[in-house]
Structure formats: C-alpha cells, structure tokens
Amino acid sequence: SSWLKPYPLSEDRIKELRRENLKNNDAKIEAFRNAMRMRRQKEFEEMYSKYVQRFAKISEETRFAAGLMLYLAEGRKKDDYHITVTNTDPEVIKFFMKWLIDFFGIPKNSMRFQLQLYPTMDIPKEIEFWRKELKIGKHQFYKYYLRKLGKASFTYRETSRHGICSAYFSSSLKKREIMAAIKAFTGSFLK
C-alpha cells in the first residue's frame with residue numbers, strides 16, 4: 001500500500017520476514033502432506049474392507065489357483081526336487097506355507113527357510129523377525145546368506161525391509177504335481 005512507502009523495511013527485517021515465511025511454508029507443506037497421507041490411508045482402509053468381504057466368499061479352487069500363480073511367478077522351477085518361493089514380504093511366504101499345508105499336505109515342521117541378509121542389518125534381530133512372523137522353530141533355518149553390498153547398492157535400512165526369505169520343501173513327487181497343475185491351469189486358460 002502507498003501509505004507505507006515512506007517507511008521502507010530494513011534489509012534485516014526483510015530477511016527475518018522471509019525466514020518466517022519459509023517456516024510457515026514448511027508447516028503448510030507438512031500439513032498438506034499429512035492430510036494427503038490420511039486421505040490415502042482412509043481410501044486404502046475402505047478398499048481393504050471391500051476386498052476382505054469379497055475374498056471371504058472365494059472357493060478352495062480359487063485359492064488353489066492363486067497358489068499356482070504365486071508359484072509360477074515367484075517359485076523355483078529350475079530343478080525337479082525343490083519346491084521354493086523367495087520373497088521379501090512375510091505375507092507372501094506365509095501364504096505359500098499355508099498353500100503347501102492345505103493343498104499338498106506338507107507339514108509345516110518339514111519346511112526349511114533360508115535368509116539372504118545384508119551387512120548393514122542386525123542379523124540376529126532379522127532372524128528373530130522371520131522366525132516370529134512365520135511361527136517356525138530355529139532348527140528350520142538353513143545358515144543365512146550374507147550378501148555383500150557393492151558401491152551402488154542400497155542398504156536395506158528402511159524399517160519395512162528384513163532381507164529376503166526362501167521357503168523350501170524337497171520332494172520330487174510334490175514338485176511334479178505342482179508343475180503339472182500349473183501347466184494344466186495355464187493350458188486351460190489359454191484355450
């Protein structure tokens with residue numbers, strides 16, 4: 001406004017006002033981020049609730065097919081003996097374990113697990129994390145594999161990262177059955 005023209009602000013006052021404005025902008029930005037985060041969380045919870053209801057009604061055949069597709073995508077297919085799925089997500093490993101138990105009668109205590117961990121991790125803490133998540137005994141773990149990090153490698157320091165877990169069961173008969181089921185399923189779908 002022109003009535004303040006004869007009273008200019010000093011350089012120090014201008015800098016001070018700019019600093020305050022930056023602080024206010026940071027607060028506004030953070031408030032916006034929090035509002036968006038809460039909105040996304042609410043949307044996720046609504047979607048999750050919808051799908052929990054939907055999947056409560058799926059058949060055993062659908063669950064069986066879901067396990068086949070998991071194995072097709074994430075399972076070891078290079079040999080005729082090892083039935084293995086490897087993943088960073090404990091929920092995927094738990095799904096695979098339940099699938100083996102429910103559809104192939106494989107006892108949980110016959111399954112074995114191997115972790116791929118990184119030097120930046122707290123190794124005993126990560127082993128205990130997987131043991132508790134999967135509800136398995138210490139004797140079910142093979143020796144963990146410690147993967148060296150290269151110069152451009154990530155560090156796995158994020159709180160949601162716990163290395164990579166491989167779930168194993170060894171049986172040439174069960175492996176042939178799984179592979180035959182996958183072939184039959186994909187073949188029927190592609191007709």
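Before anything else, I noted that two strands pair if DSSP finds at least two bridges between them. Helices (H or I, at least four residues) and strands (E, at least two) are DSSP runs, numbered from the N terminus.

This is a predicted model, where local features need pLDDT of at least 70, side-chain atom pairs count only at pLDDT 80 or more, and totals for chains, interfaces and linings use all residues. Residues are numbered from 1 along each chain as its sequence is written, and side-chain values use heavy atoms, with hydrogens and water left out.

Strands: I looked up E4 (residues 164-170) and found 6 of its 7 residues buried, so the rest of the structure largely encloses it. Buried means under 20% relative accessible area, exposed over 50%, partly exposed in between (1.4 Å probe, protein chains only). E1 (residues 82-87) pairs with E4 in the antiparallel sense, over 6 bridges. There, Thr 84 stands opposite Tyr 168. E2 (residues 112-117) also runs antiparallel to E4, with 5 bridges, and Phe 113 has Ala 167 as its bridge partner.

Rings: I found 11 aromatic pairs. One is Tyr 51 with Phe 55, stacked at 5.8 Å centre to centre and 25 degrees between the planes. (Rings of Phe, Tyr and Trp, its six-membered ring, pair if their centres lie within 6.5 Å; planes under 30 degrees apart count as stacked, over 60 as edge-to-face and the rest as tilted.) Both sit in helix H1, 4 residues apart, which means about one helical turn separates them. Tyr 51 is partly exposed at 33%, and Phe 55 is partly exposed at 44%.
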